[in-house]
Amino acid sequence: MMHQAAPATEVIPLMTPYKMGPFSLSHRVVLAPLTRCRSYGNVPQPHAAVYYSQRATKGGLLIAEATGVSATALGFLETPGIWTQEQVEAWKPIVDAVHRKGGIFFCQIWHVGRASTNELQPDGQAPISSTDKQISPNAVPGEVYSKPRRLPKEEIPAIIDDFRRAARNAIAAGFDGVEIHGGHGYLIEQFMKDGSNDRADEYGGSLENRCRFAVEVVDAVVGEVGASRVGMRLSPFMDIMDCADSDPLALASYMVRELNKHHGFLYCHMVEPRMAFKGTFVVDGRKQRQIPHGLLPFRKAFDGTFIAAGAYDLEEGNKAVASGYTDLVAYGRLFLANPDLPKRFELGAPLNKYDRSTFYTQDPVIGYTDYPFLNEDHDDSVVHT
């Protein structure tokens, strides 16, 4: 899609500086956390240093792909972890590569819960969850998940400790902070949403009880690394992997209030409720995905930096920032396919098209580090091996 270059005097909202807690951002274009399935044996690889440094800019915020907090946290092949010293050491040169470009790098820490299979679990055990209900076979096309084991409440503290240790390890690896993954149908959301939590103990039933696990994870992580180094991703409106809530407005409002209890909690990263909207509309002869902009109440209620995500393009992102709807905008597929996305936005340059078929392959180059730059004379050229 071609964008006309903006006149030199025109202010591009996405390209304006922003102060995020202790971090000075030079622009508001954020690399969203994107699972890439190229960490062989769950250990980050050298090619990740190329991938992330390609997308790093001075004062730009990057959020690393979802990273497992333990051996039970994994639900996809070749995704990274951060629970062993080997993994911590493997992350260090990747983080260093981003920092050499002046980027700010956060690690998203993650547990998939029941969105896994026995084959991916230690000793072939059942995945853990808030429930023993299996994700239905048609919930995600082409995916079949194993029957989970309902996590007894006496085991919950150990899982919370896994998140705590992962946060500590992320800081040891050099990351500037961590993002707690509390969305997309994974473990924390399996506890939060009434569509997947059928517990009768203090971790089930009422909204407060269902959010108890999430709040305890946040408390533990903040206690370990400090509120100014912690963000959280939430997707209250999404219905994915049989994980929906009957009152997403109440759920999101409650969680925002809980995050606010930690003075200086850095950011809330929330996904637009676009998955409830199937239609498209036409603007200037072009089909556009409908973005309902349903996050404003939470943006107003949250005390820290607010990040919106969900099918944004340049125009929608500029409007969201200019209107005060959000502070920052996270881009996934566009940033995946355009390593110099902030520069392209600044210049109004055309964008590379992404190749969905290579999103989750294990190739260290194709569909990963081989997307072209506007100017191939950049200082971190694509590496072919």
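In which sense do strand 14 (residues 305–309) and strand 15 pair, and over how many bridges? In this predicted model, the two strands pair in the parallel sense, over three bridges. To view the contact, select A308 together with V329, its bridge partner in strand 15. Next, follow the chain from strand 14 through helix 9 (residues 314–322) into strand 15; this β-α-β crossover is right-handed.

Remain at strand 15 (residues 328–331) and display its side chains. In a regular strand, side chains alternate between the two faces of the sheet. Here L328 and A330 point one way, V329 and Y331 point the other way, and all are buried. Within strand 15, Y331 is the bridge partner of L31.

The tour now turns to the aromatic rings. The model has 16 aromatic pairs. Select F23 and F106, an edge-to-face pair with 5.7 Å centre to centre and 75° between the planes. F23 belongs to strand 2 (residues 23–25) and F106 to strand 6 (residues 104–110), so this pair ties together parts that are 83 residues apart in sequence. Both residues are buried.

Proceed to W91 and F175, which also form an edge-to-face pair, at 5.2 Å centre to centre with 65° between the planes. W91 sits in helix 2 (residues 85–100), and F175 in the loop between helix 3 (156–172) and strand 9 (177–182), 84 residues apart. W91 and F175 are buried. Finally, select Y51, Y52, F105 and Y368 as well: together with W91 and F175 they form one aromatic cluster.

Technical notes:
Residues numbered from 1 in each chain as written. Predicted model: local features only at pLDDT ≥ 70, side-chain atom pairs only at ≥ 80, totals over all residues. Heavy atoms only, no water. Buried < 20%, exposed > 50% of the residue type's maximum accessible area, 1.4 Å probe, protein only. Helix = DSSP H or I, 4+ residues; strand = E, 2+ residues; numbered from the N terminus. Pairing = 2+ DSSP bridges. Right-handed = clockwise from strand over helix to strand, strands pointing away. Phe/Tyr/Trp six-rings, centres within 6.5 Å; stacked < 30°, edge-to-face > 60°.
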